[in-house]
Structures are given as structure tokens and as C-alpha cells.
Amino acid sequence: MRYVLALAFKFAILLILISCTTQQPSPFSTIDRVIPTPVNGQAVASGRVLSVITGKPIYRVRVAFAEVIRGEGDDAIYVDDGGLTTPSAETDEDGYFVISALPPKEYVIVVGDPLGPNDVVRNPDTRLPRIWKIEPNQQLDLGEIKVNIGV
């Protein structure tokens, strides 16, 4: 009888240990990624950020749409004010992000800390910052965005 009780006790402890080590879903997990419908003339942009260095998704990194301001001719600058007015979002654990209520303008996408390590999404042909012209009510799927920052 003691043998059966000891065996049952060990089995119960084993079950408790197994349940404690099973990976639980993260609060940042978005298994069913639902992209909202644009409203009021605004746009919605979504995508996934991957590191060129590791090839892995970048978790909890800022993705910002820095407004392009044009000067004379082809001159232009982009402005990222660190989130005061710059539309931005944070990636989830799988590198996905959604930015809703994006005003229709021209933007450059900046990934990372505005005052620290960051990278600008570049045109693969020219290596210059890529400019996206956002239209009213546009639903823009950017797909995979590869940037030169680590995980």
C-alpha cells in the first residue's frame, strides 16, 4: 500500500513539474492577426519586422512612419519626433505590427529607437530611404520588412 501511495505521489509531482514547464501563450501573441478596416480617410499599415543580421523576427521594437517633408526639386527630409505626432506601433513576439489611423501623406519607415539603434527601410536598388505614399482609406500590407538591427 505504501508503495502505491509513494508511486501516486511521485506521479502527481511529475505532472505538476510538466505543467509548470509547458510554454504558456504570451500576452503579446496574436494568433489570429486581424487588420482593422481604414476609417475616416485614414489608412492602415501592417507588416512583420525581421533582422537582416539573424533572420529572426524582432520582438517589441518600435516601427514608425516618419513624415517626408519636401523642399525644392527632389530634396526631401523625414521627421521622426519620437512618437509625439509620428504614427508608430510596437511589434509583437513574432515581429508583427499594425498601425491604424495613418494620415494620408508620404512616409519613411524607421524601425528601432528614435534616439538609439535604428534603421530606415531602404529601396533595394538605390539604398536610399524608401518613400511610401499613403492614400486615404488604404490598407497597406508591407509584408516582411528586413532591417539591419539585431534581435
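**Salt bridges, a hairpin and a buried threonine**

In this predicted model, a salt bridge joins the side chains of E144 and R48, with N and O 3.9 Å apart; the term denotes a side-chain nitrogen of Lys or Arg within 4 Å of a carboxyl oxygen of Asp or Glu. Since E144 belongs to strand β9 (residues 139-147) and R48 to strand β1 (residues 43-51), the pair ties together parts that are 96 residues apart in sequence. E144 is partly exposed at 49% relative accessibility, whereas R48 is buried at 19%. Buried here means under 20% relative accessible area, exposed over 50%, and partly exposed in between (1.4 Å probe, protein chains only).

Residues are numbered from 1 along each chain as its sequence is written, and side-chain values use heavy atoms, with hydrogens and water left out. For this predicted model, local features need pLDDT of at least 70 and side-chain atom pairs count only at pLDDT 80 or more, while totals for chains, interfaces and linings use all residues.

The structure holds five salt bridges. One of them is formed by R60 and E90, with the closest N and O atoms 3.2 Å apart. R60 is located in the loop between β1 and β2 and E90 in strand β4, so this pair ties together parts that are 30 residues apart in sequence. R60 is partly exposed at 43% relative accessibility, and E90 is partly exposed at 42%. The side chains of K105 and E67 likewise meet in a salt bridge, at 3.4 Å from N to O. Because K105 lies in the loop between β5 (96-102) and β6 (106-112) and E67 in strand β2, parts that are 38 residues apart in sequence are tied together.

Helices (H or I, at least four residues) and strands (E, at least two) are DSSP runs, numbered from the N terminus. Strand β2 (residues 62-70) pairs with β3 in the antiparallel sense over four bridges, pairing being assigned if DSSP finds at least two bridges between two strands. R70 has A76 in β3 as its bridge partner. The two strands form a hairpin with five residues between them, and G73 in the turn has a positive phi of about 65°.

V79 lies in strand β3 and is partly exposed, with a relative accessible area of 36%. Together with I69 and I77, V79 forms a nonpolar surface patch of about 250 Å² of accessible area. Such patches consist of residues with over 30% relative accessible area and no salt bridge, like charges being joined within 9 Å and nonpolar side chains (Val, Leu, Ile, Met, Phe, Trp, Tyr) within 5 Å. Accessible areas come from the Shrake-Rupley method with a 1.4 Å probe; for residues, only the protein chains shown count as cover.

T86 is found in the loop between β3 (76-79) and β4 (88-90) and, at 8% relative accessibility, counts as buried. Leaving aside residues up to four places away in sequence, T86 touches R62, A64, F65, A66, V79, D80 and D81, where contact means heavy atoms within 4.5 Å.

Of the 151 residues of the protein, 28% count as buried.
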